[in-house]
Each structure stands twice: as C-alpha cells, then as structure tokens.
Number of protein chains: 4
Amino acid sequence: MIRVGIVGGTGYTGVELLRLLAAHTAVELCAITSRAEAGIAVADVFPNLRGHIDLAFTVPDMAALKACDVVFFATPNGIAMGMARELLEAGVRLIDLAADFRIKDVAEWEKWYGMSHACPDLVAEAVYGLPEVNRDKIKSARLVANPGCYPTAVQLGFLPLVEAGIVDLTHLIADAKSGVSGAGRKAEVHTLYAEAGDNFKSYAVPGHRHLPEIRQGLAARAGKPVGLTFVPHLTPMIRGIQATLYARITQETDVQALFESRYANEYFVDVLPAGGHPETRSVRGSNFCRIAVHRPQGGDMIVVLSVIDNLVKGAAGQAVQNMNIMFGLAEAEGLGGVALLP
Amino acid sequence: MIRVGIVGGTGYTGVELLRLLAAHTAVELCAITSRAEAGIAVADVFPNLRGHIDLAFTVPDMAALKACDVVFFATPNGIAMGMARELLEAGVRLIDLAADFRIKDVAEWEKWYGMSHACPDLVAEAVYGLPEVNRDKIKSARLVANPGCYPTAVQLGFLPLVEAGIVDLTHLIADAKSGVSGAGRKAEVHTLYAEAGDNFKSYAVPGHRHLPEIRQGLAARAGKPVGLTFVPHLTPMIRGIQATLYARITQETDVQALFESRYANEYFVDVLPAGGHPETRSVRGSNFCRIAVHRPQGGDMIVVLSVIDNLVKGAAGQAVQNMNIMFGLAEAEGLGGVALLP
Amino acid sequence: MIRVGIVGGTGYTGVELLRLLAAHTAVELCAITSRAEAGIAVADVFPNLRGHIDLAFTVPDMAALKACDVVFFATPNGIAMGMARELLEAGVRLIDLAADFRIKDVAEWEKWYGMSHACPDLVAEAVYGLPEVNRDKIKSARLVANPGCYPTAVQLGFLPLVEAGIVDLTHLIADAKSGVSGAGRKAEVHTLYAEAGDNFKSYAVPGHRHLPEIRQGLAARAGKPVGLTFVPHLTPMIRGIQATLYARITQETDVQALFESRYANEYFVDVLPAGGHPETRSVRGSNFCRIAVHRPQGGDMIVVLSVIDNLVKGAAGQAVQNMNIMFGLAEAEGLGGVALLP
Amino acid sequence: MIRVGIVGGTGYTGVELLRLLAAHTAVELCAITSRAEAGIAVADVFPNLRGHIDLAFTVPDMAALKACDVVFFATPNGIAMGMARELLEAGVRLIDLAADFRIKDVAEWEKWYGMSHACPDLVAEAVYGLPEVNRDKIKSARLVANPGCYPTAVQLGFLPLVEAGIVDLTHLIADAKSGVSGAGRKAEVHTLYAEAGDNFKSYAVPGHRHLPEIRQGLAARAGKPVGLTFVPHLTPMIRGIQATLYARITQETDVQALFESRYANEYFVDVLPAGGHPETRSVRGSNFCRIAVHRPQGGDMIVVLSVIDNLVKGAAGQAVQNMNIMFGLAEAEGLGGVALLP
C-alpha cells in the first residue's frame, strides 16, 4: 500500500482527491491537513464522504507527512514551495496541484504569481505532470508539477498540430470556458450562485496566469516560441472545461488521422469520430479528455474542441494518474469511474 | 458471471443502469434493447459510456433475453407486464424499474395508470424491491418490482415512525422535491431547460401515481391504512430528491435514537447526527439515502428530511442492489462509488 | 417628485430597489449610500444600471438623507434602528427592508436577532408593511417595517384561511423554498455556485428568524396564537420563493371562492383558477404573488401554493408599493413590469 | 395607436414580444394567432402575462391581420414568405423575426434552409433590420427582416473594425455562446433541462445557418467578401449570448476610441470603458448590446466581447425597435426596462 498524505484538503481539488483515493485499492490515506479545519472530521465538511473516509483534518505535521510515500499539495499557490525541500530530503515524493513548480522561468513565474520563489532549484528539477507528454520523466520524478486545468485542455487539443508543425504557430487562439468550481472553494462575491448563475462572461482577457504555462508547454513541443491568444470564460455550470482552439493550417494534412494517431495509445484521451462535438458532461467526474477536430467549410482554419472535467483530468484525477505512473501502478488504477450523465 | 439483459435502455434509468453495471465486476452485459435506437452503438447515444460499453442497441429479441440470468426493464409503464410471463417461464429473473408490479390492488393500479393489467397473478407474486423492508423476500424473488423514486425517499423517511406506531397516521404529509431527470428523457416542453431552469413549482397536487404506492408501503408496515398528503415539486437541478416529511408525535420517543436503531444495519441508509440537514448533492451518483430527523422548538411535530439520487437509490442503483441480493452477492457490489461533490 | 434616499444600496434588495426606482416616474433618486463602496459609480457595481443611473455611492450623510422625503434602508439588520429616530425627527419617512421593526415583542426580537434593540418605542409605532393587511395604516405611517420574503409568501397564502377561522390553527405547516438570492450578496461558501448549484437542502429547521414574524402576523389576524412549523429550503435558482402550506380544515368551506373573494381587490395577489399550479418564474422580476389552493382527494387537508419573487414582492417591490401608498400614488406605479419568462 | 398583429405567438420570441408590447403605450394588440393553441387564452400558456394580456390565440385570419398597421411573424422559417405578399398588398407593414427575408442571395438561402423561396422579389425589397446599420431604410420599409440572434451580437462587435478596414478580413473568428432559449420552445431531447443543464458544448461547427447572414452583413460594410469562422456553443443558461470575436489588426488604431466613436449615438449599444468584461446578465431582459474591446498583451490580435439578450436585442426587442423606427416613434419606446440582475 502506498502511504499518502494530503496537505490542504478543504478545497475542491482536495475533496476530489479524497473521492478518488477513497476508491483506490492500492492507497492508504495517512494524513489530511488543514490549519483552518483541524480537528473536524473530513466527512463533516464534505458529506459525500460519510461512510467512506473516517479521518479528521489535522494541523500540518511534518513528522506525519515524512512518514508518507507521497504527499499531494492541494493548497493555494506558494505553500508547496515552502515545504517541498524538507519532505523531498526525507524521501517523500511530491505532487503539487498548485502552480509553484509549473513555470521553468522563475522570473516569469514571479511576475505572474506576485511572490518570490522559495526554491528555484526545485523548479528546475520538477517534472511537468502531463502524462501524454512526460510519462517517462514522471516515472522517476521526485517532484511533479501537476498542470493547471486550462493548460491541460488547451495543450492536449493543440499538441498534435504543434508537434506536427502544420499550423501557423504565431497566431494560435484558445477560447476556453470553465465551470465555476475552477475558481475554488473561496468565499467571494463574484462566484456566488446569484452572481454566476444564468450568466456568461469573459474574464482576465488582458492576461491570465495559465497563459505562460500553456505557451511554455506548446513551445517545448514546437521547438520554438508560440504566439497564443488565450481568453477564459466563466460558464454557469459546476464542473467542466471546454477549450475551443483555432489554428491556421499551413501544410495540408489529414488532421483527423493525425489526432487519432497521436492519441492511439493514450487511454485518457478520446478522439471522437470526424464531425463530433464533445460535451463537458461526457467527462463529468471522469479523467477523460475528449477531443474533436474540424475544418469548417474546408477552409484553412482548424477548429479543435477539447473537453475535460476541470477537477479530474484538470486537477485531482491527473494527480492520481501521475501517482500511478510514479509508483508503477496501472495508469488507470482508481480512475475507472464512468462519467455521470445526466 | 451473471448474464444481464436490459430492455429499453435509452432513458435515464437505462443509462444509469449501464453506468453502474459497467463497473460491476460480477456482471456480463449481454443484451440492451431499444426499438427506436436499434443498431446504434450505446456509446453514440450516451457519450459518457465511450470506452466502457461496446454494445449496440438491438430490437427486443426474446431468445437473447431468455439466455440471460436476469433482465431489467427500464421501459415505460406497461411494457414489462407484456413480456414478463414468457421470460419467467424461461427461468429468467426480472427486475422492473417501471410501475407494472408495484401496486398489489390491481384495480387501484388500473385507475392510476389508465390501462388494463396484463397479468394480475404476477402482481401477486412480485416482491416490492425495497431492501430495507423486504430483503428476505427479494433473495428468492423471481420478479422484483423496483420502487419509484419518490416512494423510496418518502418510505425510508417515514418507516421508523410508522413501524414504531408513535405518530398520528391519519395526517402524514410528504412535501417532495425532485430534480428534472425524474421526468425522464422524453421530448416535452415543460422539462426544457428554458422552462424548468431557474423555476420552481408544484405539480400533480390533486393526485400523483406515487401516492398509492407510498400509502400501500406505509400501511403494510403500520398494519392499517394511513392518511397521506403528497405534494411533489419540480426543482431546477438534474438529479436528486428531497422529501420533507411531517408527522405529529402521539407517544413520546427519542426519535433520533429510533432512526439510528432502525437503520443501524442498513449500509445504504445514513442517519445524520441530530440537528443535521442532508443535501441532495451528498448522494449525487451514489446509492445512499441520507436522513435527518428534527423536532422544531420541541413541539409535537416531527420533521424528517430524506434525500436520495432519484436515478440511483430511486431507480437504477436500487435495482442493482436488488440484483445483488437476488444472486447472493455483497449488497454493495458495484455500488461503492462516492457521491460527486461538488 | 418624491425625493428618495437609499441607505446601503449594494446588496440584492438595494440593486432591485434601484432597478424599480429607475423606472418610477414620480421619484427623484437623491442619495445612495454605502460605506464600503463610497465613491464608486452605482453602475460600476451593477452593470445592468449603466445608462439608467448616474449616481455614485456616498458615505452615509445625515444631512443629505434628511433632505429626502423618504429613505429606504436596504441594510443588514441593526442599522436602521440606529438612524431612524434622527431621520424621523427631521420629518423623513422611513421604509426599513431589514428586520429591525418587524417584531412587536422586543424581547422576542432580541432573542432571534441576537442584539439589543436601540429604540423599542419606534417598534411600537412602526407599521408592518403588508399592504393586503395594513393598507390604511401604511398611508399615514412615518415608519414602515417592510416584511420579510418568506413571511410575505406564507402570510398571503394563509391569510384567507386564518381570517375565516376555518382551519386548525394549532398545526399549520409552511414548507418554503427560496432561490439563493434570498441569502444576500455576501461572500460566503455555502452560497457559492459550486455549493448551491444542482443541490437542494433544508436549513434552519430548528428555528428561523422569519418564524416569529409569520406567527405574529397570523396571530394578529386570527385573534389568538397560532402553532406553525416552518421549514425553509434552498433551491438552485436565483430568484423566487414558493411556500407550500398545509392546514386541516375544521369547517366546510368553498376555499376557492374564499381566496378569490379575499383578494378580489388586491391587484398584486393573483388567485389562479381551481386546479392551478403557480410557478416562480411567472413572477420573476414582478411584484405579483400568485396563489393556488387545493384540497387533494377531497380530504380535510388544504394545500396552498404561494409564489413570489423574493426580491420584489418579498423585498424591494413591496417597499415601493408601500412608498406609493404612503405618498398617495397609484399603488402599482413603477411596478407594472411583466415577469420575465422564460 | 398602432394596430399590431402577431402571427405565431407561442414560441419564446412570441412571448417576449408580448411582454414588451404589453408595456408599450403606443400600441394596440389586435390579433395573436397560433393554429395549435387557437382558443386558448394567451395568459394560460404564458402565466407571466396574467393580468397584462386578455387576448386568446386565434387561428390565422387574413382579414384580422389585414386590419393591422403592422404584423410581426414570430413563426418558424418558411411561414412569413407564404403570407407576406397578400398582407403587403393590403397595406400592412411586416417585421419577420424568422429568416425568410434575411439572405439576399436566394440560392444561398435555399441551400442553408432547405426549401424553395416563395417570393424572391420580396427578398430583394426587404430591409435587413439592424438599426445601427440600416436605420434610414427601416424608416420607410414595408418589409423588415429582423436579424438573427448570433448575427446581431457578432455584427455589432465586428462592425467598427470592418468599417474602418483595419483588420485582416480573411480570417475573422466568432466564438459564440448562447443560452438554451435560443433553440426555441420545441419539444426536443437535446434541450431538456437534464441534457443541457450543467453542460457545455459546441454544435454545428461544420456550418450554421447564421454564418451566411453574418458574412453578408460584414461584407456589405467592408465592400468585399470576408472570411469568417463561426463556432456556436450551447451554455447552460436561459437567456443571453456572448460573442467573443478575434481579428488581426493590420493598421495601428486606437480601437477603444474607434468603438466609442462608432456607437456614440447608438442608444442600445454600450461600449464599456477600456479593460471591461461585459456579462450577459447585464442585459437580461433588456435591449442593450454591451461591448468591450481588448488587445491582449499589446499584440496584434483584437478581442471583442459582445453580449446581448438573444430574445430581446437578438429578436423581439430589436423587432420593437424596428417598429418604433418604422412608425416614427422614439426608438426606445417600450424598451426602457432595466436588465434583471441578479
């Protein structure tokens, strides 16, 4: 049994991690920490876990965490980087669901996240945990930077085109729509039901923190910088992201075949038959990314539709997938649940 | 492996049955029939099943169904009663998710359902599939009448009070609220998103088909007729029922202890600690019924709050639970998933 | 022109008051105060008001408020009672949308609201602003206590029965369901979209602040105390309340005729034809209360269905209705908008 | 008083037209026809109209319609073209909310709409009813083709750029998101609450009927053909469209000033201050289009955000605006309502 600790389990990525790990047969849940909720039973905060998880939240305790084989950080940005070195030195492997280790350019990270980085050397070591790109490195990683939700949906949608070098890389467009759980379980006015319900809007059009993460990932596969316009939107649903991607084709290719071939061996990436339109509910609660690719009216614009559950493939599910890879388990272990539809 | 057939798998109870059975390790899915969708892959109708179920819908074929150990009817009312005798005679056990075999008084059934019953003798034989009441009879049943969604939530909430005989049985009130999936996957105007969204209403206040079913179940436990006012409401969510129940206490009792004791050995009925308020999302996608019991301001009115997922404990999940009981499996087999929250 | 001031215009009752007053031809909006948003244009906080209201929020300024003919308090509980005396002495008439002046029994108020009352004598003077009961007193009132949202829906539904004395007054039941805007525009976790969406629950079953208000109103009409069980629920929609009311008839009466007669001259109370089921969306954004009355299966239980928009007839609309009465305007002035459906 | 008839008033554009006209002081509603609902009171179908509209639906009756000054067609495509000539010859002016007269190229229309056109000569005469482009022609028009919902949001967003000739016209992108009421009040499975709720998807990516309409409108202003990729999405809300538009700037311009100048005299087009993000709820129930324009990271991509209520500025409200222009009334007459927020 893999001994697992979770730091900061009171947000949506935390409860989702608990939901998935409760059903994971190779895992023993040893510690769940939350300074704010210490002493409270997990199932009192998240009533779906009644009968499944008996633990209570504790204050973060390094001794207990050091006794784990792997620790997940489901914390706000800036927490993991303060605890990572000590845990790594104790031989614990880490998966950070926040952004502390995602951006290799530390100065760029500091600009977007507005704080100094506590351990730039660990940024260099960290493996970006997108299995469809970095599976081999993840196997032996001590420290995995779990990708953001938008970056997962956008990169998986663009990768076949970018890797094949068949589109204009200077003017990629990602028009992304997220359910409200993507904003987290924080008391804020703009994500109240009466604010976000029956409403649609863009936000952060001048610049969103996931922009440099996506650009870094695509540039690495392209072998050169990419130009990307990224516009996120808030849509009145709880879970789900759809990224609608636009790229101009520069070299004639059978894009349907390209996508099918690229993901032929990727269990969690499902390329729909030509002409398909994926729906976010088809992945609700599951770790799949479903993708369709179109070329409207036979023009030179490629349109890719990519959907994920932001809390699963976009966060906790991908983290479990990474853990499975790191510990030599079947990659889909504990991730076999069928999406909830309707 | 239990060989399973499903008749009429294109509604919401059908797709939910498929979701649950896809994860059930003791089951082999042999036939899924739908006259309207014959020839179409199941996963083309329900994209959440892509990668999980490879079967296509077929026209109903008695030979194929007779080769099954158990057949589920996820059909409109009136279908199962036309096929039941032939399948039973072939040794197949049946679980009807529709209403054909729920009401013992055939005349009453015919009044509420507006048709003649095709096999009244089988009504007499059928076991009402509420495991918390009829577990022993279900074990050996050939024909199980799976309860309705409202009847499950309402009966589980009232049972401890009715069985203990401590409330006024002549004026029970059940104020029940259902998500829109309870109306089924039929093209109708009143359940369109733009009609049912951001809207709340009662319906069928003069009389709803689940009224006689609930009255029959409660009367059986009380040993005498009960008076019940049942008011169903449509609430703008997809899944979930809350029944808010009112009964006047006639004999002083510790009702919290009564409920805890009644359900101490029932895995799928979770009695919350005193003062609790269950939420429908705490059972979304799961087979639990969560119940809280109150006595506001110490008066003589008992208020019971009972929540289920109408498609799981209120339909497909309870059907699988019944199958497990009928075939000697662990009762929770294939039903271990944690509710999806948020 | 009536000179109007609003204290505390940044909540949902505040913005709704602004929406209604912007279309009111007999009103001049003179001051809108908010300590937190002082200096910010109203239309920057509430973009629906762009092009309709040019004012900015100001810090509360007694001089400016004293120059008004009427001041609305759209503040949290406890604010109005601190400013009321000074404004009344300056000749300003007041309408408090909060609860400071609703409960005549000051000790009872202090128990439920957890604070000492600043001016019990004004409580005695205040007129409870339910026009269908107190129209004449409202005309000359200096201080109107605008009713709560649940109390409006529940009282209008019970009034004909209680006034006629034809039901058992000792066991009234009000099962009420509210949209999430009823919880206000406060940053809290439990009303986030991802918490309250696709979810249904009861809350405050042991006791809710609107219980004594409803009991007081019904008792006044009955001429004796009433016994009431009041269970509020949160339903996933933005606006709207439905109260489903249960009362046992003790004296044979044509209840449909009773309701039609009671409200024959009440423009804002619409009694549906026999057999009707009102929907909350039929009053979305409008000041109507729509009511239907049933007697299921001809038994002795009367079921009343009463719907309002909690922000209009349940708050801001009723406040404008009261203002119209106080200033001798047509009662529906500025309240003529048709409900938004779909 | 303008005598008004409505053909086909049982869909969402019909009820919205009725809501708006009920509050319009210069209009007398003379006839509302619906073959399916003939004889039924309008307020029985749309309960928000109780107390506002006393008419009943009638079978279409040419004599009654000919007695009107203006007739609105709120019918499915293909109905208006069959009745238009006779009504025009009787001196009635027509506003078609369907698509019969929108596309000047009749062959193109017949390809997208799958039927033969009944009166191509009237297509030539019809004025495309986008007041911000064709106000002068609308004044004297006998026959107005009211624009589609997506075309209104997309054209108003692109017009300043296209008219100024400062963007690459060969690769315009419109990523548009619509609430579910845009699909109409038809009994269909895919727009059921349990299908469209908590779900997001693209549809019709290979080609949507609004594509040729938008291309025609933009080409007319550009003076040459435009290349447009148009991807519509269904978002789980009732009303509202957001169009997110992408265009590459080819000539340095202050785009904020350009938009403000273009719409300086357009009451119903509201250009937000630089940096803004319009929300669909800010126009819910109102006739405004709110627009913001961005240039992310100072690159060469212009992003325009354009929101409307699809049933108001995208249908019935724009139709009333056109009527006001045709009959010399103030353009905002009957359209002064403030958007409903929350």
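**Exercise 1.** Among contacts in chain A between residues at least 6 apart in sequence, what percentage join residues at least 24 apart?

*Solution.* The model is a predicted one. Step 1: take the contacts in chain A whose partners are at least 6 apart in sequence; 71% of them join residues at least 24 apart.

**Exercise 2.** State how the radius of gyration of chain A stands against that of a compact globule.

*Solution.* Step 1: a compact globule with 342 residues would have a radius of gyration near 20 Å. Step 2: the value for chain A is 19 Å, so the two agree. Step 3: along its principal axes, the C-alpha trace of chain A spans about 60 × 45 × 40 Å. Step 4: of the 342 residues in chain A, 60% are buried.

**Exercise 3.** Determine whether strand β12 of chain B is enclosed, and on which faces.

*Solution.* Step 1: a residue counts as buried if 20 or more other C-beta atoms lie within 10 Å of its own. Step 2: by this test 6 of the 6 residues of β12(B), residues 289-294, are buried, so the strand is largely enclosed by the rest of the structure. Step 3: side chains in a regular strand alternate between the two faces of the sheet. Step 4: on one side of β12(B) lie B:Cys289, B:Ile291 and B:Val293, and on the other B:Arg290, B:Ala292 and B:His294; all are buried, and both faces are covered.

**Exercise 4.** Which strands are joined to β12(B), and in which direction does each run?

*Solution.* Step 1: strand β11 of chain B, residues 269-271, runs parallel to β12(B) and is joined to it by 3 bridges. In this pairing B:Asp270 stands opposite B:Arg290. Step 2: strand β13 of chain B, residues 301-308, runs antiparallel to β12(B), with 5 bridges between them. Here B:Ala292 is opposite B:Leu305. Step 3: β12(B) and β13(B) form a hairpin with 6 residues between them, and B:Gln297 in the turn has a positive phi of about 50 degrees.

**Exercise 5.** Work out how chains A and D are related.

*Solution.* Step 1: chain A is superposed on chain D by a rotation of 180 degrees with 0.0 Å of shift along the axis, at an RMSD of 0.0 Å. Step 2: the two copies are therefore related as by a two-fold rotation axis. Step 3: A:Pro236 comes closest to the rotation axis of the residues of chain A, with its C-alpha at 3.0 Å. Step 4: 100% of the interface residues of chain A are also interface residues in chain D, so the copies meet through the same surface.

Terms used: Residues numbered from 1 in each chain as written. Chains lettered and ligands numbered in written order. Predicted model: local features only at pLDDT ≥ 70, side-chain atom pairs only at ≥ 80, totals over all residues. Buried ≥ 20, exposed ≤ 12 C-beta atoms within 10 Å, placed from the backbone. Helix = DSSP H or I, 4+ residues; strand = E, 2+ residues; numbered from the N terminus. Pairing = 2+ DSSP bridges. Least-squares fit on C-alpha atoms with pLDDT ≥ 70 in both. Contact = placed C-beta atoms within 7 Å. Rg over C-alpha atoms; globule rule 2.2 N^0.38 Å.
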